[in-house]
Amino acid sequence: MKNSIEEAKKDVIKAGKILVENGLIARTWGNVSARISDEQFVITPSGLAYETLIPEQIVIVNIADCSYNGNIKPSSEKGIHADTYKLRPEVNFIIHTHQLMASVISIEGKSINIENNEYREILGEVIPCTDYGMSSTKKLRKKVSEAVSNYPDSKAFIMKNHGTICMGYNLKNTFDVATILEKIAEEKYKSTIKENESHPIADYGNSFRQGNKFTITISGKTAEYSIDGVFEDMPKEVQLHAEIYKKNNISNILHATDDVIVEFSRTGRILKPLLDDLVQIAGINIQTTKSSNISGIAKMLKKKNAIFLEKEGALCTGVTKADAEAVVMVLRKGCLADFYSSARKLTDQLGLIDSYIQRIVYKNKYSKIKDNGAGAAYVEKIDRR
Ligand SMILES: [Zn+2]
C-alpha cells in the first residue's frame, strides 16, 4: 500500500531518527525515502541533521527525472532511490545505512548467499555487493541500479567500502531487512575473527574548550585549566589536551577506550582508508604514536580527527561533542574493518585520491552546515520562509 504524503513524510523522519539513535549512520551521511505514488517519492534533504527534521524539510521528488518541488535540496543519492522505485514496483520504502557489520564486511566486495530459510523469505536468496563508487556520483548510481535490476528478488544490497541499501514494503519491513542483514554480516564476521580481549588502560581524559580555557575530566575528577597556563610539572594528560587545543581549531577531545579501538592501538598499525565514512569523518591513514609524544600528537591531529595512542586507545577530536563522538564511532568501525581485512588477507583499500576528495567535501560541507546554524537554528529559518 502506498503512503499519503503526510504519512510518508512522518515515516521518513521517524526512520531518520531510528538510523541515528541505533548508530546505523553517523552525522547526516545516510538517506531515507518513501514512495507516495507511481510517479513520486519523498526523501530526506541533503545535509540537514536528522534529529531535528520537520515535515517541511522532506522533499518530494519525481521518479522519472529526479526533479523536485521546493527550495530544499533532496539527498544527493536521490537517483539511486528513483531508479529503485522504477525497477521495483513492490518497494515503497528505502533506507541507505552505514550499519556496523554490513559495512565492515563490505570491504571484501563479495555477495553473500543466504542459507537460513526464514531470512531468505524476507531478504531474497542473495545479498549482492555492488562495486565501489564514490558517494553522489553517477558511477555509484549505475552500480547500484545494475545490482537492483540483476537481483530482482534481493531486498538488501551491500555497497563496497561504504554501507547498504535496504528496501521493503513499508518502514517496518525495511528495518527488518536491515536488522537481518546486520545479523548475517555479524555471523560472517564472528566466524572469521575471535572476540577481542579487554586490556585495562590509563585514562587520558575527556575535555571541552570554552574560549582560552578547557575543562577536563580524568578518572571521574573534573578540573578547569587555562590553555596557556599549563606547564611541564602538571599531569601529562593535561599537557596533552592543552597542546592539542593550542594547535587545533577544535573544542572537544575524547579518549576512546573501547576494546576494539584499544586492540587496534596494540597492533601499532596505521588505520588504512577502508570505509568512506571513516575517511570523511576521522581522516586518512590514522597513525599510532606514544602518548608521551605530546607535540607530535597535537601536530598529527591537524590533518585528522583521530590518533591512536600506542596500547592506550585513541584520542578523537571534534568541533562539538557530537562531532567527536561520531569520530569514535567511525574509528571503531574502521578498526573492525582492519581486523576483517587482515584475517581475510584482503589487500583492497580506498584510493587515496577518492579518499582526499571525500575528506575535503565532508569538511567543507559540514562546516557550511554549521555556519548556517544546524538543527534548531535551521528549523527557525525554514519556519520564517
Ligand atoms: Zn552513505
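Q: What makes a stretch of this chain a domain, and how far apart are the centres of domain 1 and domain 2?
A: Domain bounds come from an automatic or database domain assignment, and that assignment divides the protein chain into domain 1 (5–189) and domain 2 (206–372). The centres of the two domains, taken over C-alpha atoms, are separated by 29 Å. This is a predicted model, in which local features need pLDDT of at least 70 and side-chain atom pairs count only at pLDDT 80 or more, while totals for chains, interfaces and linings use all residues. Residues are numbered from 1 along each chain as its sequence is written.

Q: What makes residues of the two domains count as in contact, and how many does each domain give?
A: Two residues are in contact if their C-beta atoms, placed from the backbone, lie within 7 Å, and the contact takes 18 residues from domain 1 and 21 residues from domain 2. Helix α3 (residues 100–106) gives 4 residues, the largest share of the side of domain 1 that touches domain 2.

Q: Which residues of α5 are called buried, and why are they said to line one face?
A: A residue is buried if 20 or more other C-beta atoms lie within 10 Å of its own, exposed if 12 or fewer, and partly exposed in between, with C-beta atoms placed from the backbone. Leu 140, Lys 143, Val 144 and Val 148 are buried in α5. Seen down the axis of α5, the buried residues fall within an arc of 130 degrees (taken from the directions from the axis to the C-beta atoms), so they line one face of the helix. Lys 138, Lys 139 and Asn 150, on the other side of α5, are exposed.

Q: How do you know that β3 and β7 stand at the edges of the sheet?
A: Two strands pair if DSSP finds at least two bridges between them, and 7 strands form an open sheet of mixed pairing in the order β3-β2-β1-β4-β9-β8-β7. β3 (59–62) and β7 each have a single partner strand, so one side of each is left without a neighbour in the sheet.

Notes: Helices (H or I, at least four residues) and strands (E, at least two) are DSSP runs, numbered from the N terminus.
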